[in-house]
Amino acid sequence: MLAELISPWFRAQARDLPWRRPETTPWGVLVSEFMLQQTPVARVEPVWRDWMDRWPAPSALAAAPRADVLRAWGKLGYPRRAIRLHDAAAAIAERHDDTVPSDVDSLEALPGIGSYTARAVAAFGYGLRAPVVDTNVRRVVARAVHGQGDAGPARTRADLADVDALLPARDTEAAVVSAGLMELGALVCTARSPRCADCPVAHACAWVAAGRPAYDGPRRPVQGFAGTDRQVRGKLMDVLRGAPGPVERSALDAVWSDAGQRDRCLHSLLVDGLAEQTDDGRFALPA
Ligand code: SF4
């Protein structure tokens with residue numbers, strides 16, 4: 001029932017995003033999924049376009065120096081994703097003849113690709129039936145199916161089973177419904193102010209039928225940003241990305257006053273392979 005309502009809505013209302021165009025390769029879809037994991041669409045779009053112009057195939061990215069990859073990642077945040085994508089590209093080039101695999105098991109065997117990304121690439125890159133579960137989808141299911149105002153903490157297997165039960169049997173139709181569920185959660189069934197009056201599933205929604213009761217279950221932890229190690233790591237990476245070569249320690253010291261936190265963050269960048277120390281004691285993006 002929900003699938004029959006979501007599918008025509010998505011076909012009529014979906015945003016025209018470059019990675020949804022028919023000419024986009026599964027590689028383009030995979031790159032978009034890495035970038036979209038923790039970054040909004042508007043910030044991803046220009047970086048994705050540059051990235052695809054520069055590295056249209058996995059082997060092209062795999063051949064690029066790691067420093068170039070981190071610079072091209074720009075300010076998308078969570079730069080470990082760029083390293084993982086670089087590693088995945090090398091594995092696809094070597095093990096899969098430069099073609100992104102289509103089955104979920106092979107995708108999950110690649111470095112840096114988890115349950116969500118594997119299923120998203122199978123569904124959106126290859127048009128296959130694969131339950132794709134992100135935060136937005138979990139919220140739509142919690143409301144429309146279970147009549148709860150919020151999804152609460154993730155329950156991986158149960159979440160996959162919930163979404164699997166909603167998908168039509170045919171691959172192409174299931175892939176449209178997967179994309180539609182994500183779009184509905186992103187645009188209409190939003191966390192703070194769901195627009196039920198504009199929602200294609202409103203008359204079949206269990207939460208609406210129950211009178212939109214307040215959510216009183218367990219909550220997911222909310223992450224702040226200001227003052228966190230993530231913010232400090234971002235500032236240090238900005239310095240390394242913006243410099244044409246290695247920088248002195250003093251250039252990094254200037255961006256954050258708390259020496260203990262700064263040292264911890266710099267150390268974690270070195271451990272994560274996002275930065276390197278040169279023989280003369282300066283710091284740079286990895287070669
Ligand atoms: S009717 Fe409202 S709560 Fe139900 S799925 Fe649509 S937007 Fe979400």
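This is a predicted model: local features need pLDDT of at least 70, side-chain atom pairs count only at pLDDT 80 or more; totals for chains, interfaces and linings use all residues.
Helix α1 covers residues 2-13, and its axis comes within 8 Å of the axis of α11. The two axes cross at roughly 80°. Angles of 65 to 115 degrees count as roughly perpendicular, so α1 is roughly perpendicular to α11.

Now look at the residues that meet. From α1 come A3, I6, S7, W9, F10 and R11. They meet E173, V176, V177, A179, G180, L181, E183 and L184 in α11. This contact is made of nine nonpolar, two polar and three charged residues.

Helix α11 spans residues 171-187 and has another partner, α9, which spans residues 135-144. Their axes come within 8 Å and cross at roughly 85°. That makes α9 and α11 roughly perpendicular as well. On the α9 side, find N136, V137, R139 and V140. On the α11 side, find L181, M182, L184, G185 and A186. Six residues of this contact are nonpolar, two are polar and one is charged.

The shell around the ligand takes its largest share, three residues, from α9. Which residues come nearest to the ligand? Of the 14 residues around it, they are C189, P194, C196, C199 and C205. Helix α12, residues 206-209, gives two or more residues to the shell, as does α9. The shell has 12 nonpolar residues, no polar ones and two charged ones.

Next, step back to the record. An unreviewed UniProt entry lists residues 35-187 as "domain: HhH-GPD". This span is 65% helix and 0% strand. Its end C-alpha atoms lie 19 Å apart.

Domain 1 runs over 15-126, and domain 2 over 229-284. Their centres, taken over C-alpha atoms, are 26 Å apart. How many residues of each domain are in contact? Six residues of domain 1 touch six residues of domain 2. On the domain 1 side, α5 (66-73) and α6 (80-95) each supply at least two residues. That side has three nonpolar residues, one polar residue and two charged residues.

Methods:
Residues are numbered from 1 along each chain as its sequence is written. Axes are lines fitted to C-alpha atoms, for helices over the stretch in contact, and angles run from 0 to 180 degrees between N-to-C directions. Helices (H or I, at least four residues) and strands (E, at least two) are DSSP runs, numbered from the N terminus. Angles under 35 degrees count as roughly parallel, over 145 as roughly antiparallel, 65 to 115 as roughly perpendicular and the rest as oblique. Two residues are in contact if their C-beta atoms, placed from the backbone, lie within 7 Å. Ala, Val, Leu, Ile, Met, Phe, Trp, Tyr, Cys and Pro count as nonpolar, Asp, Glu, Lys and Arg as charged, and the others, Gly among them, as polar. Domain bounds come from an automatic or database domain assignment. A residue is near a molecule or strand if its C-beta atom, placed from the backbone, lies within 6 Å of it. UniProt positions are given in the numbering used here, feature names are shortened, and annotations may be inferred rather than shown by experiment.
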